[in-house]
Amino acid sequence: MTDGACATAPVVVCRDATKSFGKNQVLKGITLEVCKGDVLAIIGPSGGGKSTLLRCLTLLETMDGGSLSYGDVQVCADDGSGRAVYGGRDVIATAKTRFGLVFQDFNLFPHYTVLRNVADPLTSVHKVGRAEAEERGRALLAKMGLAGKEDMVPCELSGGQQQRVAIARALAMNPEVLYFDEPTSALDPELTREVLRVIRELAEEKMTMVIVTHEMSFARDVADKLIFMDGGQVVERGRAAEVINAPKHERTRAFLSGYE
């Protein structure tokens, strides 16, 4: 079961993903499809497999079984015996150009300026010239409300500002899909609102996004689609507002009862 057929070729397709750490099976056959312009929220209790799924989708972890593709790039495929076989170095390198990832703890280089944090990946990975990379970086920082902060270092910024730098860095690579792993979990409520406002604006611009979040009202209002995971499985999926306002599965109802 997928999230519904895409009008055009899907940006991301993951089928029957499995992942174990030792004897602990964390993912138990996860399937999802992300269409261009989708905002997909992934919710669920801690330990339910959300972050592991995101790490597999962003190639920080390898799946044990299943398949994963980004458009025409087949990252891994089932070999027929249930084992995921990955493509070579060139395939992985190409796949990594298709997505951006924003971590919950920002992952900025502390000794680099804000502008260098955004521009350096363009010069080192995409071989963009320094002047062009810095021009793109300045434009994205301005978009994030950070004009005038280019020469600061991360420790001089608030947590919300640092997270907006991280979003600018991810956007600089022109990804087809942007992943967020609990992007506000390290922030207080006021800074959380800053970051959620930026993500909401990106959604209005039809940026394709997959967001692991514990912000239920945000997921309901901003996401198109939603997946509820528990115990390494997709328990319920559907339109975000419908799942949050009227969950069909008892486990989903129990989880959401803890939120206003």
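Okay, let's start with Glu194 and Arg164, whose side chains meet in a salt bridge at 2.7 Å, N to O. By salt bridge I mean a side-chain nitrogen of Lys or Arg within 4 Å of a carboxyl oxygen of Asp or Glu. Glu194 sits in helix 6 (residues 189–204) and Arg164 in helix 5 (residues 159–172), so this pair ties together parts that are 30 residues apart in sequence. Helices (H or I, at least four residues) and strands (E, at least two) are DSSP runs, numbered from the N terminus. Arg164 is buried at 7% relative accessibility, while Glu194 is partly exposed at 21%. Buried is under 20% relative accessible area, exposed is over 50%, and partly exposed is in between, with a 1.4 Å probe and protein chains only.

Quick caveats. This is a predicted model, where local features need pLDDT of at least 70 and side-chain atom pairs count only at pLDDT 80 or more, though totals for chains, interfaces and linings use all residues. Residues are numbered from 1 along each chain as its sequence is written, and side-chain values use heavy atoms, leaving out hydrogens and water.

Next pair: Asp72 and Arg98 form a salt bridge at 3.0 Å, N to O. Asp72 is in the loop between strand 4 and strand 5 (73–78), and Arg98 is in the loop between helix 2 (89–96) and strand 7 (99–102), so they link parts 26 residues apart in sequence. Here Asp72 is exposed, at 67% relative accessibility, but Arg98 is buried, at 15%.

And what about Glu61 and Lys19, buried or exposed? Both are buried, and they form a salt bridge with the closest N and O atoms 4.0 Å apart.

Lastly, Arg116, Asp120, Arg130 and Glu134 are linked in a salt-bridge network. Over the whole structure, the search finds 16 salt bridges.
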